[in-house]
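Please walk through this protein chain with me, from its overall dimensions down to single residues. The sequence and the model come first, and the explanation follows.

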Amino acid sequence: MTGFVLGSASPARLQVLRSAGLDPMVRVSHVDEDAVAAALPAGTAPEGVVCALARAKAEAVAAALIAEDADVVADCVVVGCDSMLLVDGELQGKPLTPEVALRRWAVMAGRSADLLTGHCVLRVRQARIVAEAADCTGTTVHFAEPAAAELDAYIATGEPLQVAGAFTLDGRGGWFVHRIDGDPSSVIGIGLPLVRRLLGDVGVAVTQLWVDGAQLRADAAR
């Protein structure tokens with residue numbers, strides 16, 4: 001059976017995949033995202049930036065697996081993702097500090113912005129990358145206007161500090177999102193419709209990767 005490797009430490013991405021019937025192996029890329037973005041040609045479109053970051057993550061994970069885990073790379077797909085919020089033409093990643101999160105929400109509140117998620121799927125067989133497919137999906141997020149006390153409480157939870165755009169759809173941040181136009185799974189961090197298409201592009205049907213519910217429950221309990 002073809003293995004599925006998620007090149008991300010994101011628990012939200014892992015949960016999306018598990019809820020959709022997959023049992024991913026998780027490997028973290030440890031890519032220097034700032035360095036990858038800085039090396040891109042001037043004027044690279046926002047969609048190109050998130051795709052380049054997703055590709056760098058997938059390639060780093062694939063390289064590590066090829067060097068260390070012969071059993072996995074006999075037949076697997078490696079998926080890398082990167083999400084950023086496009087606000088006023090500027091890409092925003094993780095705020096990391098409360099001060100940055102507060103400044104971003106001052107701009108976002110009551111407005112709309114595009115959450116872009118780049119995806120890269122690598123097919124690895126016999127310890128070689130034999131196929132690649134990459135693309136970006138965009139979803140428009142319409143933000144509410146949280147009161148100052150609500151926003152302070154939200155930021156104090158720490159949740160928005162480690163997520164692109166300083167919000168989540170599937171967590172406490174969902175209280176402050178009026179609606180979205182597009183794929184909700186891509187806002188959480190991995191777009192199922194797009195990943196299904198990219199898997200097909202590298203010769204893997206997503207139904208080949210499904211596992212039974214009992215196995216997923218056992219893995220989640222570990």
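What percentage of the 222 residues of the chain count as buried? The answer is 45%, where buried means under 20% relative accessible area, exposed means over 50%, and partly exposed lies in between (1.4 Å probe, protein chains only). This is a predicted model, in which local features need pLDDT of at least 70 and side-chain atom pairs count only at pLDDT 80 or more, while totals for chains, interfaces and linings use all residues. Residues are numbered from 1 along each chain as its sequence is written, and side-chain values use heavy atoms, with hydrogens and water left out.

The overall dimensions come next. With 222 residues, a compact globule would have a radius of gyration near 17 Å, and the 18 Å of this chain agrees with that; the radius is taken over C-alpha atoms, and the globule rule is 2.2 Å times the number of residues to the power 0.38. Along its principal axes the C-alpha trace spans about 55 × 45 × 30 Å. The chain exposes about 10,600 Å², of which carbon and sulfur atoms supply 53%, with accessible areas taken from the Shrake-Rupley method with a 1.4 Å probe and, for residues, only the protein chains shown counting as cover. There are eight helices and seven strands in the chain, defined as DSSP runs (H or I of at least four residues for helices, E of at least two for strands) and numbered from the N terminus. Of the contacts with a separation of 6 or more, 72% are between residues 24 or more positions apart, a contact being heavy atoms within 4.5 Å.

The interior can be followed through its nonpolar cores, each a set of buried Ala, Val, Leu, Ile, Met, Phe, Trp, Tyr and Cys residues joined through side-chain atoms within 4.5 Å. The largest has 20 residues, and those with the most contacts inside it are Phe-4, Val-77, Val-121, Ile-190 and Leu-199. Strand S1 (3–6), helix H1 (11–19), strand S3 (75–87) and helix H7 (192–201) each give two or more residues to this core, and the largest share, four residues, comes from H7. Apart from this core lies another, of 18 residues, among them Leu-85, Trp-105, Phe-143 and Ile-155. Leaving aside neighbours within four places in sequence, Ile-190 is in contact with residues including Leu-6, Val-16, Val-79, His-119 and Val-195.

In strand S5 lies Val-124, which is buried with a relative accessible area of 0%. Beyond its neighbours within four places in sequence, Val-124 is in contact with residues including Ala-62, Ile-66, Val-73 and Ile-129. Val-124 and Ala-109 are 15 residues apart in sequence, yet 43 Å apart in space, C-alpha to C-alpha.

Aromatic side chains form a further theme. The structure holds five aromatic pairs, where rings of Phe, Tyr and Trp (its six-membered ring) pair if their centres lie within 6.5 Å, and planes under 30 degrees apart count as stacked, over 60 as edge-to-face and the rest as tilted. The rings of Trp-105 and Phe-143 have their centres 5.4 Å apart and their planes at 75°, so the pair is edge-to-face. This pair links distant parts of the chain, with Trp-105 in helix H4 (residues 98–108) and Phe-143 in strand S6, 38 residues apart. The rings of Phe-143 and Phe-167 are also edge-to-face, because their centres are 5.0 Å apart and their planes stand at 90°. Trp-105, Phe-143, Tyr-154, Phe-167 and Phe-176 form one aromatic cluster.

Two loop residues close the tour. Asp-88, in the loop between S3 and S4, has a phi near 50°, a positive value in a residue other than glycine, and counts as exposed at 59% relative accessibility. Ala-166, in the loop between H5 and S7, has a positive phi near 65°, but is buried, with a relative accessible area of 0%.
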